[in-house]
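Keep the sequence and the 3D view open as you go.

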Amino acid sequence: MCSRLTVAFLAASCLTLSSCVYPGSGETSGSRSVIDSVEGGLETATGDSVVGTDLTARVMHVADSILAGMTLEEKVGQCFMPTIYSRSERRTMRRLMEYLTDLHVGGVVLLKGDLGSAARMASVGMSSAIPPFIAIDAEWGLGMRLEDAPDFPRNGRLGPKADELLLFDYGSEVARECRRVGINMVLGPVVDVSENPRGVIGSRSFGSDPRRVADLGVAYAKGVESGGVISVAKHFPGHGSPSGDSHLTLPVIRRSFHHLDSIDLYPFRVYVSSGLSGVMVGHLAVPAIDSLSRPAAVSPEVICGLLRGTLGFRGLVLTDALNMAGAGGYGAWEAIIAGADVVVGPEDTAREIADVIEKVRSGEIGLDVIDDRCRRILFYKYLMGLDNGRPVRLERLREDVRGESDSLYRRLLS
């Protein structure tokens, strides 16, 4: 049986959306909002047999109907996903409500905190008119961010017996834990190929072999998505070779395109061809792709030219956090016109949203750009059924989340 989200991936892989519309031009690099057919029948999460074309068209109709009734402020807000600590004290909850009700953000990224707070925050999000993405960095499980959640080994510390079947199970378990907390997006897997022993990615990577990185990373992502949670591969076009940390500086990847294509891009190609959902674009200057050496997350050549064009990706494109030093001097509007759907972690969310709105009103950014980004976001949200969410049950939360995680931890190390 396919989960609702699995259906979404199959359907979305057949979408041809206007992915790269440049400011005020009205021109696109592809067809505009055309839904191609999904071959054969699919099953919904309830087991009902449906024809893919009908399902895709039905959900796109819902997305278009909602889009038609949204204000410019609401549309722009959907393109933002600020970070917030997983703490349910009054000040943080007030900030969450401000993000959701005043700024109309499309989601939030949960930072450090605890399970109960994360669940309460997710429950608040479920009351929104447009359900938000509740995302988290869970590169080695929820314990990476939530102090009372299970930990798993870092990717680079997996045992020699770790294979695709085990990694699929691993992803499925992480998805189960996420759903129990109300989280619907994992900012992972890391599919950077770590060739540099002194590189910043280190043990976050599955290793230095592009094929192994692709095999394990994609298997993990498939497990996550089989469990009804969106996966987001990172950090496109590959953060494995530079020593510099994009939190602190803008690393420059001085490789030929051939070298990039055979190593760094290989896992992303496999991820994209597998019909998976999200890609995070990093703050990396890649002169072989963008002669201006702009951070990849604000580069049309990287997003529209390479990711959307050459690799044919039709899913959600997220930026790495825009408050990182690697993106210094660039604004959210530049990421959006470069092709990003979701701007993650801006320094000042309200100011950046206001800046994008003003550029739309002045004609510097075409409204069709915002409509394109927002439509894709809504499509994924409604096809995966975020509008059917219920408040998270807090009773036995820790026990339920932990489940059989200890035995899986041992299997991953063996």
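**Exercise 1.** Find what Lys-381 lies over, and at what distance from the ring centre.

Solution. Start with the rule: a charge sits over a ring if NZ of Lys or CZ of Arg is within 6 Å of the ring centre and within 35 degrees of the ring normal. Lys-381 lies over the face of Phe-133, at 5.0 Å from the centre of the ring. Now look at Arg-154: its charged end sits over the ring of Trp-140, 3.9 Å from the centre.

The model is predicted: local features need pLDDT of at least 70, side-chain atom pairs count only at pLDDT 80 or more, and totals for chains, interfaces and linings use all residues. Residues are numbered from 1 along each chain as its sequence is written, and side-chain values use heavy atoms, leaving out hydrogens and water.

**Exercise 2.** Decide whether Arg-204 is buried or exposed.

Solution. Buried means under 20% relative accessible area, exposed over 50%, and partly exposed in between (1.4 Å probe, protein chains only). Arg-204 has a relative accessible area of 18%, so Arg-204 is buried. Next, list its contacts (heavy atoms within 4.5 Å). Beyond neighbours within four places in sequence, Arg-204 touches several residues, among them Glu-139, Trp-140 and Arg-154.

**Exercise 3.** Classify the pair formed by the rings of Phe-379 and Tyr-380.

Solution. Rings of Phe, Tyr and Trp (its six-membered ring) pair if their centres lie within 6.5 Å; planes under 30 degrees apart are stacked, over 60 edge-to-face, and the rest tilted. The whole structure has four aromatic pairs. In Phe-379 and Tyr-380 the ring centres are 6.0 Å apart and the planes are at 80°, so this pair is edge-to-face. Finally, both Phe-379 and Tyr-380 are buried.
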